[in-house]
Amino acid sequence: MKTSEIWNLFVHQNGGWDKVGCTKKDLYNSLAAGRRGVDDLDCNTTLTFLQSMLDIDPEFFYAYMVDEESRLTHLFWADGASRFNYEFFGDSLAFDSTYKTNRCQMPLVVLVGSNNHGMTCVFGFALIQNETAETYTWVLQMFLECMKDKLSESILTDGCRSMNKAIEDLMPRVVHRTCSWHILNNAIKHVHEEGFVGELRNLIKRYYSVDEFDLRWNKMLLDYNAENNEWAKALYSSRHQWADTHLCGSYFGGSTATNRCESMNAFLKRFLDEKLPLWRALQHCDHELAALRYGELGKHDADKLSTPVLKRTSMSEIEEQFASIYTRNMFLEVRNQITRSEKYNVVRHHKLKASDICTIEKYLSEDHPKRKVKFKRIEKEMSCDCYWLETKGIPCRHVFAAMKHLHLSDIPRNIIKNRWLKE
């Protein structure tokens, strides 16, 4: 029954508007407050739904918490496919919350990563009563229990203090990155100087030596009159959580922002509604997750049945090898680096007893930093001091420039990442 119909019924039963005992606005507020709690029927139906999922999928996992009045406060769940995906692709984790997904007004938390196609995969969901550090600690505890205590190598969040506290307590050794989009958005609010955000973006996303980073940071503050800006001071103190200079070598799913979470939230909220009962919200998440995986299956089948059209770059043999083992999406990322390598030259080559060290320079670009690539001849391993392979998961253009100079016809074994393989 609509609220307006309830009000008209009260008016009729009490013999007039002035005899109801409350205003129409009071009725609306009272009913809205009631909807924010989880009633017994909704709770029982939700738990019955979860049990039915476990009957269908033996690897399905769920956990919940109730208050002293036996009302549902927190809920976590993940199906067998999510647990399987985390086993293979759980090297990087991102999570965020979204609102207006159910009539109980419980924020929905989505925990995501990326699969071998570079596409978003979901590791788990949670519905929570509030966003305190204690609540996020419970969510992460349930997540780790679900995933048999396997820790991710890195985690990406929007910088929420409650999330940060939970991560520090439960995952102190996991490398934690704060979303670059949220940092830049806050920069607009706190530093009102044109050009500041662009300079800050460079400091976030480009790799410099620690000394060069500090020099550029101090110059930026001076140029934009921000030396005494309290927000900028606080940001600098947390630089180990947002600057590539300090995070190089850590893989974050190829991203510096929680855009995977934002995209997944938008995908889920196409049909989620704040009027939905909890069990319907869960059912909808399951349906949308199935749709997401159906698209992934199409990518998988395409990779098995066809091979990407080769551009025949200057390193055609290497291109063919990557095309035969990597998924199409990731092969295209690698080929882009091969193409870009054509603008780079080896300007110095030191041949040591067991290794080669090549100094790489970009053609006609004096401001571009020189990079050093090392090739260990016995181990057949290659590394670059730009840390692109470790940070992005694919070999960089400097590595391909060195491979061409050294006339290597086979891919060095260490730059092949199992997470990108077709099978």
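Strand β6, helix α6 (residues 161–170) and strand β7 form a β-α-β unit that is right-handed, meaning that, with the strands pointing away from the viewer, the path from the first strand over the helix to the second runs clockwise. Helices (H or I, at least four residues) and strands (E, at least two) are DSSP runs, numbered from the N terminus. The model is predicted: local features need pLDDT of at least 70 and side-chain atom pairs count only at pLDDT 80 or more, while totals for chains, interfaces and linings use all residues. Residues are numbered from 1 along each chain as its sequence is written, and side-chain values use heavy atoms, with hydrogens and water left out.

Buried means under 20% relative accessible area, exposed over 50%, and partly exposed in between (1.4 Å probe, protein chains only). Two strands pair if DSSP finds at least two bridges between them. β6 pairs in the parallel sense with β3 (residues 92–98) over three bridges, and Ser92 stands opposite Ser154. β6 also runs parallel to β7 (residues 175–178), joined by four bridges; here Leu156 has Arg177 as its bridge partner.

**His350**

His350 lies in strand β8 (residues 344–351). His350 counts as partly exposed because its relative accessibility is 44%. Apart from neighbours within four places in sequence, His350 is in contact (heavy atoms within 4.5 Å) with Ser355, Asp356 and Ile357.

**Two pockets**

On a 1 Å grid over the protein atoms alone, a pocket is an open set of points with protein on both sides within 12 Å along at least five of seven lines, and lining residues have an atom within 4 Å of a point. Volume is the space filled by probe spheres set on the points, which are joined across faces, edges and corners.

| Pocket | Volume | Lining classes |
|---|---|---|
| Largest | About 680 Å³ | eight nonpolar, six polar, eleven charged residues |

Ala, Val, Leu, Ile, Met, Phe, Trp, Tyr, Cys and Pro count as nonpolar, Asp, Glu, Lys and Arg as charged, and the others, Gly among them, as polar. In the largest pocket, α16 (388–392) gives the most to the lining, with three residues. For the second largest pocket, 14 residues form the lining, and Gly159, Asn164, Thr178, Asn186 and Ser238 are the closest to its centre. Helix α6 is one of the elements that supply at least two residues of this lining.

Methods. 1 Å grid on protein atoms, 1.4 Å probe; cavity = no way out; pocket = protein on both sides within 12 Å on 5 of 7 lines; lining within 4 Å.
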